[in-house]
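This report describes a structure shown below, moving from one residue and its surroundings to the chains as a whole. Please keep the view open while reading.

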Number of protein chains: 2
Amino acid sequence: MSLLKSWVTSANDPESGFPLNNLPYGVFSTGGAARCGVAIGDMILDVAGLGPAGIFDAGNWNAFMALGPKAWAAFRAELFDVLKEGAAVRPLVAQAEATMHMPFAVAEYTDFYAGRQHAENMGEILRGTKGLPANWLHIPIGYNGRASSVVVSGTDIHRPLGQLGAGRFGPCEKLDIELEMGAVVGAGSRIGQPVSVAEADEMIFGFVLLNDWSARDIQGWEYQPLGPFQGKAFATSISPWIVTKAALEDFRKPTPPRDVPLLPYLSEEQSGLYDIELSVHMGSEKLSCTNATRLYYSAAQQLAHHSIGGCPMRVGDLLGSGTISGPAPEEFGSLMELSWNGEKPFSLASGETRSFIEDGDTLTLKGHAQGDGFRIGFGDCTGTILPAIHTPDWAK
Amino acid sequence: MSLLKSWVTSANDPESGFPLNNLPYGVFSTGGAARCGVAIGDMILDVAGLGPAGIFDAGNWNAFMALGPKAWAAFRAELFDVLKEGAAVRPLVAQAEATMHMPFAVAEYTDFYAGRQHAENMGEILRGTKGLPANWLHIPIGYNGRASSVVVSGTDIHRPLGQLGAGRFGPCEKLDIELEMGAVVGAGSRIGQPVSVAEADEMIFGFVLLNDWSARDIQGWEYQPLGPFQGKAFATSISPWIVTKAALEDFRKPTPPRDVPLLPYLSEEQSGLYDIELSVHMGSEKLSCTNATRLYYSAAQQLAHHSIGGCPMRVGDLLGSGTISGPAPEEFGSLMELSWNGEKPFSLASGETRSFIEDGDTLTLKGHAQGDGFRIGFGDCTGTILPAIHTPDWAK
């Protein structure tokens, strides 16, 4: 596929990220109520009046998602006709003048652990064992996160307070990021009824970039035996536009060869990964870059595993992929790996060094799929870390 | 306090569980739509027409909870006037003719681990270590569960399929219960703003009995390093009536003496546990009985810890206490403990033995606070285990 032209001229720039080929879904405001919109070039099309009547009234994409894959395809075709070259010009909103909001209400948030290099690095750093956990090659390991703490890109985040060890309380001293993809579940399933990988793929509506901010010291002290909790519960940031599966169809790639055969319920016929170039930035400086094809399990495999015991999935569930790291340090997707838990602080162009995030640092994830003369962009996933709140008197 | 008399004569029976002193909140139907109601004796009062206009229109208690503690107190006083001895007789619905539904929409579900004896037993059974995890006396350990799989008492549950070990797939072979209390969060908090234990206590609306059904083999294979996932995601059952904090006020008890001092943010001035007698039944046979005062951390302490890093709490969050076990085997709150992971199968009156749940078994939790001539009852939390579903072709 090549660039599809729009009457919105900025969309035809090969580096736009939001050409007619993309058409990602977000929620924006310009002073008044939050409205559903579609990114096109450097503009936004307000979708009020398009699609089924009243479907966007709630100011998010959940009701639309619940209509299912046929309605998703029909609406994409409608948008295509409205925005293609030669169609009637309509009023648009400049992205530069809009405030972005959460594109959907997160029903539940699950975070997986499908980055093999990351799992190996974390094992070596935290547990001194170079190998993977015994179950890792068999199970798309995941844990339930906290949906209420998912925020849209651009939201400032206070450094969390918490327990740093036995009797130690205070602001997190090892604040980190995790470079992930987020899959948005657009169709639910019934309790007691597992879904296959193929069905799971159909249920996925689209993808966002996801930064699973992590308090490594809080996590390290709390996580045995029941897993991460407050170390992951203060914030998870997502990019503002849901890039639909339809826009990414040409960029599908297979999962890597299996070290051990997967159980039949996890076998995948259709390629479930996507060729998406990803990068991590501190301020204006690029710290690392990798690709979403580094994942060992696809979102569809994760979703199938999620339901295998009968757990019902909901419209608006968000699945984090797990931190994406490649084999070389330039491809690491967390500061924990980049600084090797502070043993090897890295240098910035300013001459400063970093092991973990300092107050005032802005961390940004970027991602796009590179087509022939066009890009499918996600929009930045960014956040600035503010100092910890003043410790309340009752916590002193 | 003694029995407060109602014109509903069955409520004045000392063993009713639903006297005027209680007034717990549920959702019921009798063929048509689900409606909010209050249990009184063996009857239900439909609350349509009471309270603020339209507050029960959604068919659950979430909107009412969101009104906050002052409104909770005002409505309880209104119900009191309507149901007290001498008040005008109104039409009621017999509990025996009603179907009960989820009393509230669960926003997010968190399960804690505050039963000390249970934690010690599980450590000994699973990890061969008699002691508690290093963090246990410092942190009310918890993990995020799956809200979508919380079901009301009486819901049948299929034995889950899942991974039982490397390359092993099939129906769970070690299906278990966990005897817990569930705290219902009725007031939310803002992101980045921790709440104190005293504030957390104010935010709790009421309590239910909670059975955290557990697939021990699936859990054992999956839980390192990110905690329980599919082993806990197929179903969690709750009793149908939310017993308000107001009804339990006279039954408050302090948490046990601390082995090590807690950090200030977890210190509790008001007694946060409740004297609630609890029992586990298989069919009509009692397997064990204990008391909610066996917990080491209160729900208010758990909620304060939940928010300490800034995680926002939502109206409708459900917090499981953790499995409640006393020191004697007759007080154990799971079959894993009662049969010591199958090493010591226990006998039933029928002559059968059990290590874990067999298909067709019905497990029931019961609980009440014993007052002077009255009881604050919860209603049974019961569920029958059905055989696993036929394994889909794609999973063979």
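## Core, helix and symmetry

Met181(A) touches Phe207(A), Val208(A), Leu209(A), Leu210(A), Ile276(A), Leu278(A), Ala292(A), Leu319(A), Gly320(A), Ser321(A), Ile324(A) and Phe378(A), residues up to four places away in sequence not being counted; contact here means heavy atoms within 4.5 Å. The model is predicted, so that local features need pLDDT of at least 70 and side-chain atom pairs count only at pLDDT 80 or more, while totals for chains, interfaces and linings use all residues. Residues are numbered from 1 along each chain as its sequence is written, chains are lettered from A and ligands numbered from 1 in the order in which they are written, and side-chain values use heavy atoms, with hydrogens and water left out.

Met181(A) is also one of the residues that touch the most other members in the largest nonpolar core, which has 83 residues; such a core is a set of buried Ala, Val, Leu, Ile, Met, Phe, Trp, Tyr and Cys residues joined through side-chain atoms within 4.5 Å. Apart from this core lies another, of 81 residues, including Ile204(B) and Tyr274(B).

Helix H2 of chain B covers residues 69-83, helices being DSSP runs (H or I, at least four residues) numbered from the N terminus.

| State in H2(B) | Residues |
|---|---|
| Buried, under 20% | Trp72(B), Phe75(B), Arg76(B), Leu79(B), Val82(B), Leu83(B) |
| Exposed, over 50% | Lys70(B), Ala73(B) |

Seen down the axis of H2(B), the buried residues fall within an arc of 120 degrees, so they line one face of the helix; the arc is that of the directions from the helix axis to the C-beta atoms.

His306(B) lies in helix H7 (residues 299-307) of chain B and is buried, with a relative accessible area of 0%. Beyond its neighbours within four places in sequence, His306(B) is in contact with residues of both chains, among them Arg146(A), Phe229(A), Thr110(B) and Met313(B).

A rotation of 180 degrees with 0.0 Å of shift along its axis superposes chain B on chain A with an RMSD of 0.0 Å, by least squares on the C-alpha atoms of residues with pLDDT of at least 70 in both. The two copies are thus related as by a two-fold rotation axis. Of the residues of chain B, Gly227(B) comes closest to that axis, its C-alpha lying at 2.0 Å.

Conventions
Buried means under 20% relative accessible area, exposed over 50%, partly exposed in between (1.4 Å probe, protein chains only). Helices (H or I, at least four residues) and strands (E, at least two) are DSSP runs, numbered from the N terminus. The expected span of a helix is 1.5 Å times one less than its number of residues.
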